[in-house]
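Open the model in a viewer and keep the selection tool ready.

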Amino acid sequence: MSGRFLHGHALKSVVKDPSKAIYRDLGCGPTFGGGHQIKIADNANSNTNSYTNFGSYYSVPSGVQDKSTILAGAYHFSPDEVEVFYLD
C-alpha cells in the first residue's frame with residue numbers, strides 16, 4: 001500500500017493525544033491534530049490548500065510508506081468530499 005491509500009478505501013487512524021484531536025480556528029476549515037496533521041482548507045474543492053502529515057497526534061496505518069500523501073496521493077490536494085467519524 002503506497003501513494004493513494006484512501007481512494008476507494010476507508011482509513012482508520014487513531015488519535016494518540018485526545019486533547020490535540022481537533023484544532024479550532026475560525027480561519028481554518030476542519031483541522032485535526034495539534035500540528036495541523038489533517039487540514040481541509042476553506043473552499044477546499046476550489047483550491048489545493050488542504051494537506052496531511054500524519055504521525056505526531058494521529059497513528060499512521062500499517063503499510064503506509066509516505067505519511068504526507070495518505071489521503072490523496074500528494075501532500076497538497078483538493079478534496080471532493082470528506083467524511084469524519086467519531087468512534088466511542
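For sorting a lining, Ala, Val, Leu, Ile, Met, Phe, Trp, Tyr, Cys and Pro count as nonpolar, Asp, Glu, Lys and Arg as charged, and the others, Gly among them, as polar. This is a predicted model, in which local features need pLDDT of at least 70 and side-chain atom pairs pLDDT 80 or more, while totals for chains, interfaces and linings use all residues. Residues are numbered from 1 along each chain as its sequence is written, and side-chain values use heavy atoms, without hydrogens or water.

Select L11, V82, E83, V84 and F85. Of the 30 residues lining the largest pocket, these are the closest to its centre. The lining comprises 22 nonpolar, four polar and four charged residues.

Next, select A21, F32, I38, I40, A44, F54, Y58, V64, I70, L71, A72 and F77, the 12 residues of the largest nonpolar core. Such a core is a set of buried Ala, Val, Leu, Ile, Met, Phe, Trp, Tyr and Cys residues joined through side-chain atoms within 4.5 Å. Buried means under 20% relative accessible area, exposed over 50%, and partly exposed in between (1.4 Å probe, protein chains only).

Finally, go to N43, which has a positive phi of about 50 degrees although it is not a glycine. Most residues other than glycine have a negative phi. N43 is exposed, at 60% relative accessible area.

Methods. 1 Å grid on protein atoms, 1.4 Å probe; cavity = no way out; pocket = protein on both sides within 12 Å on 5 of 7 lines; lining within 4 Å.
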